[in-house]
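Here is a short report on a predicted two-chain model. Read it with the structure open beside you.

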Amino acid sequence: MANNERSERELSASSGVTRREMLIRGGATVALAGAAAIGAKLLYDPVGDAGLQPPPAIQLKDYFGKIKAEYPASAPRISTAFGRPEYLESPDKIAQMVRAAIGGLDEKGGSLGIRRFISRGDTVCIKPNVGFDRGPALGATTNPDVVRAVIRLCREAGAKRIIVADNPIEDPAACFAKSGIKAAAEAEGAEVVIHADAHDAPVQVRPGSPDPARHEALGTWPIFWKPLKEADKVIGIPPIKDHNLCFASMGMKNWYGLLGGRRNQFHQAIHNIISDLGFMMKPTLIVADGTRVMMKNGPTGGRMEDIRIGGVAGAPAIVASVDQLACDSYCLQKLLGRDPANLQYLQFAWDKFGGDASRIVARHWQEYHGPGLVVEANV
Amino acid sequence: MRITTVRIIVQTIVMTLFMTFVFITTFAHLNEVPALAFWVSKFLEIDPLVSIATSITTHTLYKGLAWSLVLLIPTLFLGRFFCNWICPYGILHQFTGWLFNTRNAKAKIDSNRYRRLFQVKYYILIGFIVAAFFGSLQIGLLDPICLLHRSLTVSILPALNAGSNSLSQATEGTALRTYGDWLDFGDPRVHQLGWVVGFLLFFLVAMNLVIPRFFCRVLCPLGATLGILSRFSLWRIERDPKKCTDCDLCLQSCEGASDPHTKLRKSECFVCFNCIEDCPHDALSFALLPKRNHEVAWPDISKRRAALAALGGLLFFPFSKLSGRTTRDFSTKVIRPPGSVEELEFLERCIKCDQCIRVCPTNVLQPAMLEAGPEGVWTPIMNFRIGFCQLNCTACGQVCPTGAIQRISVEQKLGLGPYEQDGPVKLGTAHYDLGRCLPWAKNIPCVVCEEVCPTSPKAIHSEYRQLLVRDGKKQIVSATPVTVTLADYPNPGQAFGERCTFKPNEYRGDRTTSYHVQIIHRDGTSETHAILGNDGDTLLIGELDESGEVVNGSKFAKIPVRGEVAAIHLEFKVPKIDTELCIGCGLCEKECPVVGDRRAVYVTAEGETRSQQYLERDRNRSLRLMKG
């Protein structure tokens, strides 16, 4: 009897559900259902393309704006320092040339030099051309001594962080090593950012799609964003080179190395893209490297015969400029010995940003020549 | 300290060393510290199976392979200690077997009893060695060092790379950025059929749950080699039958399944010393020259099965050679790294370790599947859709442990200095598919190939050519000395075509591309002028000053008259290739914007210098038979 009673009690205890347990279980079910409903509501996509939207495009900063506002009307736009062929052996002499070229941009009596362009605490992105796995002697890449000198000047002006970056055609690590630019940059305490596709981000160069009729090539395009992301200033250090397709690779063509994606398709409209690159980038400063000028077989070169020290100028030159368009026409004429009237992308660039009030820009370097805004000095 | 603790410490050090060597086998590291090239292949060089098998195929012992004596000699004294002390692949299996173990003590004892299945490795070894005598080196398929190198290179490290990359990106713009930068190893490599190698490794690791040390006990040809050599070892595990209570606890963690509880199978024992640790009665010891009747000295190999294995190895030679992939039906996709020896010699040397693939800075080297025939599985070939052969780089030859890729210098590769007489190493030759090439077939300017061509002078050159634009044949409506107004060419039966409707300045050009109009006069003469611009139906070829002199452009020699024919051409650069200068680096193919599975410019192995001395062989097919 007692046995029976107990088993009955056990039975009811084991099969029955207490009120407490029922509330817990019921509550859990309701909570789960509610969570599912909220989740569905959050993720609900009536059209079906919400997951397909590209990430929002980034706008490139104006790295020149502040300088433009304070740039004296009497200060030169282009300043060249010529050296001597034997200076190529001496990093110090190259550094003197760079300093003299940048110092030449001061108005009469001024002594700001690099401090006009770089302020204390700036993060500076330096963009040399490191396009190929070739030694510095072959002139296919920027002279590492020039890069070194520019970094040193930026440091002097109090730059906090200096990033050296390029997206080369050949293996980035190899290009940076062989060109001597990695060693030069790291010796001066600058960071080298080796490109990976993951570092690119879509940058909106102009709203909408590019219009080929207006010689446009870039709308929104993946740009090597990692080094630019935190940069306050951008300095381009292009070597001056012959180019098989676009005639000459100089300051504006140098920004090609910031493009990611399938950038090789742009060769189908090379003048459009180069002038677009000039349109896209408002650099703080251009320091053109006219030390070893590639006169033929560009842009790769490969033999000593392909280069000439200082090009047709005959003396190694460093050209500092605040106007990348005029700087290109100057280098084309003075270093490569070619006529700027024959270079189509200069015309397109003028059409695109010639009237841009936020820049200092001239159609031809000779427009500066008359008012004395081109200075040339020998070091 | 217990001997097994010592062993675990040694194993940890060895594994760390091995992983470090694999990790630093990159162009960047070797470029900075060239001396590393001496170290990174040491594990492959001490591998006696590699040196034995390559000596059989090549009748020589390549440079660093003499290091295998470092391993061979102690094996003759101590037995198969390599498998449980040095072998990184063995360490991986032991570690994962321990980590994922689900067996209780009794099941462990049963899983570690010797099985006849363990003979298989000897038959595999016999097959490989017999094939080697015929010049087919296949040990790399299963040699543990090669296999692990390959798996790490083509699947594991790229996978880790992808993972660390995502972590690195997650830290961007946060305070952790500096740490994130350390994790940024660039874009992960891609490897054709890397997933096969990866899953194979995973399968072999997972098999430890079915049979502990499955690979080591059942498949490993290096283990088999060392097992045979262990026959002569002076030391071995010895059981004292007086102390032994037949509890079988020594089997609990026996790595090799070598029957320490009875007569020791010398060829199976990994010398891990676990049995000595596990024996509760101190019945086991590592003894010098114990009694011969207490051991099974020779591996358990059936003669008939061995004969069958040998037959398999024997047949592999004609079967693979008669597939023709190394002879008449050779594939021109088999483009070997710079410095490679001729194909037949290459297959005698390449152990498929894929170190060259790891060190290659551009990812162009890929493990082959069947392109090079059944013998060439996982040997390195170039895929120019993924990468290209970098001009100033010979990293692959620096790390090749067997000389399949010779240790050449950059001067030798480029044919500079003392090598000027020999000329550069050519991997193959580039060709154009004119039907796909943008300028040749589609009237679109391009020549990226010429831009990137790294030789000097460039092997790819271009010439300006005039090509008729679409519907470019027109009929003249009227003309002035510097303009011409055009109509479409009339259809049959039509006296005169419709007036043209050009877009404004459609034919102005940009100096890289220019447009020209050719006038064909009724008297049969013709003249061609560059077009300066156009409006809806009229082309402008020049500008005149007030006196009628040309100030810009040109003017017609004979003013065209109504009804004459005009043709509008565009002129731009079309690429061509100088096969004498082309080195087959593939940079043009890599950068070609026609991105389909066949680029408009592509490299084949034709013209490769490594075959040039072998006039009798099928691969010797140069593009020009006669030079000069």
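**Overall build of chain A**

Chain A has 12 helices and 13 strands. Helices (H or I, at least four residues) and strands (E, at least two) are DSSP runs, numbered from the N terminus. The radius of gyration of chain A is 30 Å, well over the 21 Å that the globule rule gives for 379 residues, so chain A is more spread out than a compact globule. That radius is taken over C-alpha atoms, and the globule rule is 2.2 Å times the number of residues to the power 0.38. The C-alpha trace of chain A spans about 120 × 45 × 45 Å along its principal axes.

This is a predicted model: local features need pLDDT of at least 70, side-chain atom pairs count only at pLDDT 80 or more, and totals for chains, interfaces and linings use all residues. Residues are numbered from 1 along each chain as its sequence is written, while chains are lettered from A and ligands numbered from 1 in the order in which they are written.

Chain A is divided into domain 1 (2-51) and domain 2 (57-378). These bounds come from an automatic or database domain assignment. The centres of the two domains, taken over C-alpha atoms, are separated by 67 Å.

Of the 379 residues in chain A, 55% are buried. A residue is buried if 20 or more other C-beta atoms lie within 10 Å of its own, exposed if 12 or fewer, and partly exposed in between; C-beta atoms are placed from the backbone. Among contacts in chain A between residues at least 6 apart in sequence, 76% join residues at least 24 apart. Contact requires C-beta atoms, placed from the backbone, within 7 Å.

**Where the chains meet**

In chain A, 31 residues are in contact with 34 residues of chain B. On the chain A side, α6 (172-178) and α9 (270-280) are the elements that give two or more residues. The largest share, 4 residues, comes from α6(A). This side of chain A divides into 11 nonpolar, 12 polar and 8 charged residues. Here Ala, Val, Leu, Ile, Met, Phe, Trp, Tyr, Cys and Pro count as nonpolar, Asp, Glu, Lys and Arg as charged, and the others, Gly among them, as polar.

**Cores and covered helices**

The largest nonpolar core has 246 residues. Such a core is a set of buried Ala, Val, Leu, Ile, Met, Phe, Trp, Tyr and Cys residues joined through C-beta atoms within 7 Å. Its residues with the most contacts inside it are Val98(A), Ile126(A), Val150(A) and Val287(A). The largest share of this core, 10 residues, comes from α10(B). Leaving aside neighbours within four places in sequence, Val98(A) is in contact with Val146(A), Ala149(A), Val150(A), Leu153(A), Val287(A) and Ile318(A). Another core, of 19 residues, lies apart from the largest one and includes Cys500(B), Tyr507(B), Tyr515(B) and Leu532(B).

Helix α10 (324-334) of chain A is mostly covered, with 10 of its 11 residues buried. In chain B, helix α5 (48-58) has buried residues including Pro48(B), Leu49(B) and Val50(B). The buried residues of α5(B) pack against α4 (42-45), α6 (69-78), α10 (120-133), α15 (221-229) and α18 (343-349) of chain B. His59(B) follows α5(B) and has a positive phi, near 60 degrees.

**A sheet in chain B**

An open sheet of 7 strands has the order β11-β10-β16-β8-β9-β13-β12 (chain B), with antiparallel pairing. Two strands pair if DSSP finds at least two bridges between them. The edge strands, β11 (526-530) and β12 (533-534) of chain B, each pair on one side only. Strand β10 (514-520) of chain B is joined to β11(B) by 5 bridges, and the two run antiparallel. Gln518(B) stands opposite Thr528(B) in β11(B).

**Loop residues and backbone angles**

Met295(A) is found in the loop between β10 (285-294) and β11 (307-309) of chain A. Met295(A) is buried, because 20 other C-beta atoms lie within 10 Å. Its contacts beyond four places in sequence include Asp242(A), Asp306(A) and Leu336(A).

Asn297(A) lies in that loop too. With 21 C-beta neighbours inside 10 Å, Asn297(A) counts as buried. In chain B, Val447(B) lies in the loop between α22 (438-442) and α23.

| Feature | Angle |
|---|---|
| Asn297(A), positive phi | near 60 degrees |
| Val447(B), positive phi | near 45 degrees |
| Gly298(A) to Pro299(A), cis peptide bond | omega near 5 degrees |
| Ser456(B) to Pro457(B), cis peptide bond | omega near -5 degrees |

Key:
Contact = placed C-beta atoms within 7 Å.
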